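Please keep the sequence and the model in view while reading.

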Amino acid sequence: WGSVVVSLLFWGFANQITTVDEAKTFYPLFGLGANVALIFSGRAVKYFSQVRASLPPGVDGWGVSLRGMMTMVVIGGLFVAGTYAFLAKQQAAIVAAGEAAAGGAPKKKKAKAHMGVGESFTFLAKSPYIRDLATLVVAYGISINLVEVTWKSKIKAQFPNPNDYSAFMGDFSTATGVATFLMMIASRYIFRRFGWGGAAIITPTVLLVTGVAFFALVLSGNTFAPGLAKLGLTPLMAAVLVGAAQNVFSKSAKYSLFDPCKEMAYIPLDPEVQLKGKAAIDVVCNPLGKSGGSAVQQVLILAFGSLAASTPYLGVVLLACVVAWLKAAKSLDGQFTALQKDQQLAKLAEAKSAGGGGGLGTSPGGGAGSPPLKKFKFVSSVNAAGFLEGRYVPLAEGEAVTASMDVVEATSPEDAASRA
């Protein structure tokens, strides 16, 4: 309910009342605010889970804590509904004033691409770019599901008491909120320093490393038992903690890096491909990623009799998914960089043409009195507003030129763009 309905309604309303310029400023703050709320909600869950210790014998502690948490949910829901009613009323007045200023002419809405399942599969098959993007979405959904279900089975074994289980999940929510908050702050630096490709491989790399550690403890816990005993841990508790770390880091990387990378990948596409690509991924890939992991586990449980017996094979499936994810991210990075480069070069050429040509027809030598030619390379980076931009910069003295670099001899960055 929280992920599908509340999140969908929130972002749908936010998109309706927020301009593009406002979104650049406020959307990151919405994400930070959501994760601050996650920190406090985790503390609240833990508090109510510990209420049982102070209750007299015979009192249903779980019932008391559940009523307390549901009371907070109701109060929060009423606050959301009241805030929405206030904002909707304000927005209605703004829209009415805008229509009155425009002479009452209704604003035409942009047509939305509606694609069936068959059409979505056809579109995915035709476009390598969208296909790689779809692979990222499906691989994440399957990978996180494979680890999470196995991890939660270990939590139930470690904490059979519902209050203890709820208290642990409260700590988990708080840790996820803190980690995501910090990762969102660091993500801007990561994008600037490593670009889209570097940011895109962090989430699968984190999931792979922590997933290997988790499955190693689940499958060979007794091997590590002597060392874990010195730390005051059992193999089961160690698996629970490592699984928690895996989920915390994977989800924080997903919210702060994977989601922005996925949305950023649509930017260089033309409007029609953007609409059809998002429609295809919404219809096919999101459900497939979420349910694919569950389907794999059900098949393996039926084949081997239990979740514990199928765990080694879940690890193999996880490895295959992450490898496909990394391969698709690398392929998409090359296509994304090429599209972004073409887009930026078109803008630079258009700007130069609008400026009167500025020497577009000059020969490489330029003649007497012309500025000397220099070598420029094309680079892309994230600007202060969080968007990708490409430009030509002077090649550093002594810097080696590789086959993958786009190097042009010109008199200025603008001249380099015109010669490319």
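In which helix is the place of Thr-174? Thr-174 is found in helix 6, where helices (H or I, at least four residues) and strands (E, at least two) are DSSP runs, numbered from the N terminus. Thr-174 counts as buried because its relative accessibility is 12%; buried means under 20% relative accessible area, exposed over 50%, and partly exposed in between (1.4 Å probe, protein chains only). Leaving aside residues up to four places away in sequence, Thr-174 touches Leu-38, Ile-39, Gly-42 and Arg-43, a contact being heavy atoms within 4.5 Å.

## Basis of the model

The model is predicted: local features need pLDDT of at least 70, side-chain atom pairs count only at pLDDT 80 or more, and totals for chains, interfaces and linings use all residues. Residues are numbered from 1 along each chain as its sequence is written, and side-chain values use heavy atoms, with hydrogens and water left out.

## Overall architecture

The chain contains 11 helices and three strands. Along the sequence, the order of these elements is α-α-α-α-α-α-α-α-α-α-β-β-β-α.

Of the 420 residues in the chain, 34% are buried. Among contacts with a separation of 6 or more, 74% join residues 24 or more positions apart. The accessible surface is about 23,400 Å², and carbon and sulfur atoms account for 66% of it; such areas come from the Shrake-Rupley method with a 1.4 Å probe, and for residues only the protein chains shown count as cover.

## Nonpolar cores

In soluble globular proteins, nonpolar side chains tend to be buried together. A nonpolar core is here a set of buried Ala, Val, Leu, Ile, Met, Phe, Trp, Tyr and Cys residues joined through side-chain atoms within 4.5 Å. The largest one has 57 residues, and Trp-151, Phe-168, Trp-196 and Ile-281 touch the most other members. Two or more residues come from each of helix 5 (128-158), helix 6 (162-220), helix 8 (235-264), helix 9 (271-304) and helix 10 (307-354). Helix 5 gives the largest share, 15 residues.

Beyond four places in sequence, Ile-281 touches Ile-130, Leu-133, Ala-134, Val-137, Tyr-266, Asn-286 and Pro-287. A second, separate core has eight residues, including Leu-345, Tyr-392, Val-408 and Ala-417.

## Salt bridges

The structure holds four salt bridges, each a side-chain nitrogen of Lys or Arg within 4 Å of a carboxyl oxygen of Asp or Glu. One of them joins Arg-43 and Asp-171, at 2.3 Å from N to O. Because Arg-43 lies in helix 2 (residues 20-49) and Asp-171 in helix 6, this pair ties together parts that are 128 residues apart in sequence. Arg-43 is partly exposed, with a relative accessible area of 39%, and Asp-171 is partly exposed at 26% relative accessibility.

Within helix 5, Glu-148 and Lys-152 are four residues apart, about one turn of the helix. Their salt bridge has its closest N and O atoms 3.7 Å apart. Glu-148 is buried at 18%, whereas Lys-152 is partly exposed at 29%. Together with Lys-251, Glu-148 and Lys-152 are linked in a network of salt bridges.
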